[in-house]
Amino acid sequence: MENMVLLSIVVIIALGIFSQWLAWRIQWPSIVIMSIAGLIIGPVFLLVNPEQALGDLYSPIVSLAVAVVLYEGSSSLDIREVKNISKSVFRVVTLGAFLAWVAGAVAAHYIAGLSWAVSFVIGGLFIVTGPTVIIPLLRQAKLDPRVAAVLKWEGIIIDPIGPLLALFAYEVIKVIGSAEAGLGYLLTFFLGALVAGLIGYVLGILVSVLAGKGLFPEYLKSPIILSFVLLCFSLGEMIEHETGMLSVTVMGLTIARKQKYVSSIGNIGHFIENISVILTSTIFILLTSSLSRETIGQIFTLPILGYVAIMLFVVRPLSIWLSTIGTELTNKEKTLIGWIAPRGIVALTVSSYFASILLKDGFEDAAILTALTFALVFITVCAHGFSLGPLAKKLDLASNDAPGVLLVGASEFSFALAKHLRKMDIPVLIIDHTFHHYIKAQEYDIDVYYGEILSEHMKYEVDLTPYEYILSLTEDPAYNALVCQSFIPEFGYQHTFTLPSKGRGAEQKDIPSAHKPNILFGEDEEFEGLNRKIKEGYTFHTVDLEVEEKQTMNKEDLSVPVEGTWLFIRRENEELTFVTLKEKITVEQGDQLVVLSKDKTD
C-alpha cells in the first residue's frame with residue numbers, strides 16, 4: 001500500500017511538470033494540459049485517486065500548497081505597478097467584486113437551480129480568479145502592461161476575498177436559520193479575519209526585520225521564509241477556517257512593500273517561484289484526478305452549462321464595465337478585462353469544503369457544487385486561455401512586432417547593431433547609464449533608456465514586454481555576467497547573452513558546452529575587437545541561406561557568400577538564433593544570416 005501511495009505522488013508530480021513543459025512547447029494554457037492529464041489518470045482510466053490514496057493528508061497538502069502559491073503571487077506585487085491605474089484596481093476588487101458576487105448568486109439561483117443560501121455562498125467564492133491561472137496566461141500573452149497589471153492585482157487580492165465572502169454568507173445563513181446562532185457569529189467572523197490579517201502583517205514585518213539585520217544565513221534564507229509562510233497560514237487557519245489565505249496574502253504584500261528597503265528579500269523570490277510552479281502543477285492534477293465519473297457526468301447538464309455561460313458572457317463583463325465607469329481604462333481595456341476571468345485552484349479546493357459543510361447542514365442542492373466548480377474552472381481556463389492572445393491583438397492591446405532585442409551598454413558596435421536590427425523591423429532598445437552615450441544614441445535616432453538596468457525602479461519605467469533577447473555588450477566582463485545572471489529568470493537562459501572576455505580566447509575553448517550558448521559570436525570577438533571593426537568600416541549584411549532541408553552542422557561546413565563575423569540567424573517565423581561559442585549550428589530553408597563584414601555586397 002505504501003509503495004502505491006509513493007508511486008502515485010511521484011507520478012502526479014512528474015506528470016504536472018511534464019504538462020507544464022508540453023504546454024510551453026505547444027503554446028497552450030498550462031492548466032488545460034494539466035486538467036486533461038488529471039482527468040486521464042483519474043476518472044477516465046481510474047489509474048490514480050489521490051484523495052483516497054492520501055486520506056486525511058489530502059486536504060492539508062492542497063491547502064499548504066495553495067498558501068505558498070498565494071504568498072508567491074502577493075510578494076511579487078509592487079505598488080508602483082498600479083501607479084496610473086490604482087483607481088481601476090481599487091474599483092475592480094471592491095465594487096466589481098461585490099457586483100460579481102450578487103450577480104453570480106442570482107444566476108446560481110435562477111439558472112443552476114440552487115437555493116438562495118447556497119447561491120450566495122458559491123457566488124462569493126466564484127469571484128476569484130487567482131495567480132495560479134492568471135500569471136501563466138500573462139506570461140504567454142504579451143499584453144499591454146496596464147491591462148496585465150489590473151488582471152494580476154485582481155487575481156492576487158481577490159483570491160483570499162472570495163473564500164471570505166463565501167464564509168461570511170455561510171455565517172449569515174447560520175444566523176438566519178438557527179435560533180441559537182446570533183449576531184455573535186458574525187462578530188466572531190469579522191474579528192477572526194482581522195486577527196488573521198494582523199498575524200500576516202506582523203510576520204511580514206518580522207521576516208523583513210530579521211532579513212534586513214542579516215540574521216538569516218544566505219543558504220538558509222529561502223527555507224526559513226518558506227517555513228514562516230507555512231506557519232503564517234497554519235496560524236490563520238487555527239483562528240478560523242479559510243482565513244489562512246488572508247494571512248499569507250497580507251504577509252506577502254507586507255514583504256513586497258519592504259523589499260525596497262531590504263533588497264536581500266527579493267533574492268529568494270526565484271526559489272519561491274520555482275516551488276510555486278511545482279505546487280501549481282501538482283495540485284491541479286491532484287484535484288482533477290480525484291474527481292469521480294459521476295461528477296464529470298453532472299457537468300454536461302443544462303443548468304450547469306447555462307450557469308457557466310451566464311458567468312462568462314453576462315456577470316463578468318457587467319461587473320467590470322459598471323465598476324470601472326469614470327476610471328482611466330479605455331473601452332478596449334475594459335472589454336479585455338471584462339472577458340478574462342479564469343478560475344483556478346482556490347475555487348476548486350474551497351468549493352469542496354463548502355459543499356461538505358452545506359450538505360451536513362441539510363442543503364441537498366450543494367451536492368452539485370463540485371461539478372459546477374469544475375465546469376466553471378475548466379471552461380473558463382480553456383475559453384480565456386485560448387482567446388486572450390488573439391483578442392488582445394484584435395484590440396491592439398498586445399504586441400504584434402517581431403521578438404525584440406535589448407542591448408545593455410552603448411558603443412559603436414551596439415549603435416550599429418541597433419540600426420541594422422531596426423532596418424530588419426526588429427524592435428530594439430539600448431540601456432546605458434552613461435549620459436554622453438545617451439546623447440549619442442539620440443543623435444543616431446535609436447531608442448535608448450538612460451539609467452542603470454540593475455536598478456530596482458528600471459522595470460517600472462521600461463516596458464520589457466516587446467523584448468525576448470538580452471545582450472550585455474559592455475566592456476566590463478564582470479558587469480556583463482551580473483546582468484545576465486539577474487535577467488536569466490525573466491528572459492530565459494537561452495535568450496541571455498554576453499561577449500567573450502578580453503584576451504581569453506584560448507581559455508574559452510575549455511568552457512563547458514552548457515555555458516557556451518551565453519557567449520556571443522566567437523572566441524576573439526570581444527568588446528574592443530568588435531568596436532574596432534565598426535571604426536574600420538565593417539558593416540552588417542543580411543544573407544539568405546541556401547539549404548534544402550533543416551540540418552545541424554559545424555559552422556565551417558556552412559558556406560556563405562560573405563566572409564566575416566557571424567552574428568545571428570533570423571528564422572522564417574521571425575525568431576532569432578544568436579551565434580555563440582557552440583561549434584554546431586542548425587539551419588533550414590528560409591533562414592537569413594546576419595554577418596559583420598568589410599564585404600560591400602549585400
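Modeller: Buried residues in H6 are Ala117, Val118, Ser119, Val121, Ile122, Gly123, Gly124 and Leu125. Buried means under 20% relative accessible area, exposed means over 50%, and partly exposed is in between (1.4 Å probe, protein chains only). Helices (H or I, at least four residues) and strands (E, at least two) are DSSP runs, numbered from the N terminus.

Colleague: Before we go on, what kind of model is this?

Modeller: It is a predicted model, where local features need pLDDT of at least 70, side-chain atom pairs count only at pLDDT 80 or more, and totals for chains, interfaces and linings use all residues. Residues are numbered from 1 along each chain as its sequence is written, and side-chain values use heavy atoms, with hydrogens and water left out.

Colleague: Back to H6. How many of its ten residues are buried?

Modeller: Eight of the ten, so H6 is largely enclosed by the rest of the structure.

Colleague: At what angle does H6 cross H17?

Modeller: Roughly 160 degrees, and the axes of H6 (residues 116-125) and H17 (residues 345-360) come within 10 Å. That makes H6 roughly antiparallel to H17. The cut-off for roughly antiparallel is over 145 degrees. Axes are lines fitted to C-alpha atoms, for helices over the stretch in contact, and angles run from 0 to 180 degrees between N-to-C directions.

Colleague: Left-handed or right-handed crossing for H6 and H17?

Modeller: The H6 and H17 crossing is right-handed. In that case the near helix is turned clockwise from the far one by less than a right angle.

Colleague: Which residues of H6 and H17 meet?

Modeller: From H6, Val118, Val121, Ile122 and Leu125. They meet Val346, Ala347, Val350, Ser351, Phe354 and Leu358 of H17. Contact means heavy atoms within 4.5 Å. By class, the H6 contact with H17 has nine nonpolar residues, one polar and no charged. Ala, Val, Leu, Ile, Met, Phe, Trp, Tyr, Cys and Pro count as nonpolar, Asp, Glu, Lys and Arg as charged, and the others, Gly among them, as polar.

Colleague: New topic. What is the strand order in the open sheet of five strands?

Modeller: S3-S2-S1-S4-S5, with parallel pairing. S3 (448-450) and S5 (496-498) are the edge strands, each pairing on one side only. Two strands pair if DSSP finds at least two bridges between them.

Colleague: And how many bridges join S1 to S4?

Modeller: Five, between S1 (residues 404-408) and S4 (residues 467-472). Val405 stands opposite Tyr469 in S4.

Colleague: Which strands does H22 touch?

Modeller: H22 (residues 477-491) packs on the sheet against S1, S4 and S5. Its direction makes about 165 degrees with that of S4.

Colleague: What about S2, which residues lie on each side?

Modeller: Val428, Ile430 and Asp432 are on one side, Leu429 and Ile431 on the other, and all are buried. Four bridges join S1 to S2. Val408 stands opposite Ile431 in S2.

Colleague: Now loops. Where is Glu240?

Modeller: Glu240 is in the loop between H10 (218-239) and H11 (244-258). Glu240 is buried, with a relative accessible area of 12%. Glu240 touches, among others, Leu167, Glu171 and Thr188, not counting residues up to four places away in sequence.

Colleague: Is Asp396 buried or exposed?

Modeller: Exposed, with a relative accessible area of 55%. Asp396 lies in the loop between H18 (369-394) and S1. Asp396 has a positive phi of about 60 degrees although it is not a glycine.

Technical notes. Angles under 35 degrees count as roughly parallel, over 145 as roughly antiparallel, 65 to 115 as roughly perpendicular and the rest as oblique.
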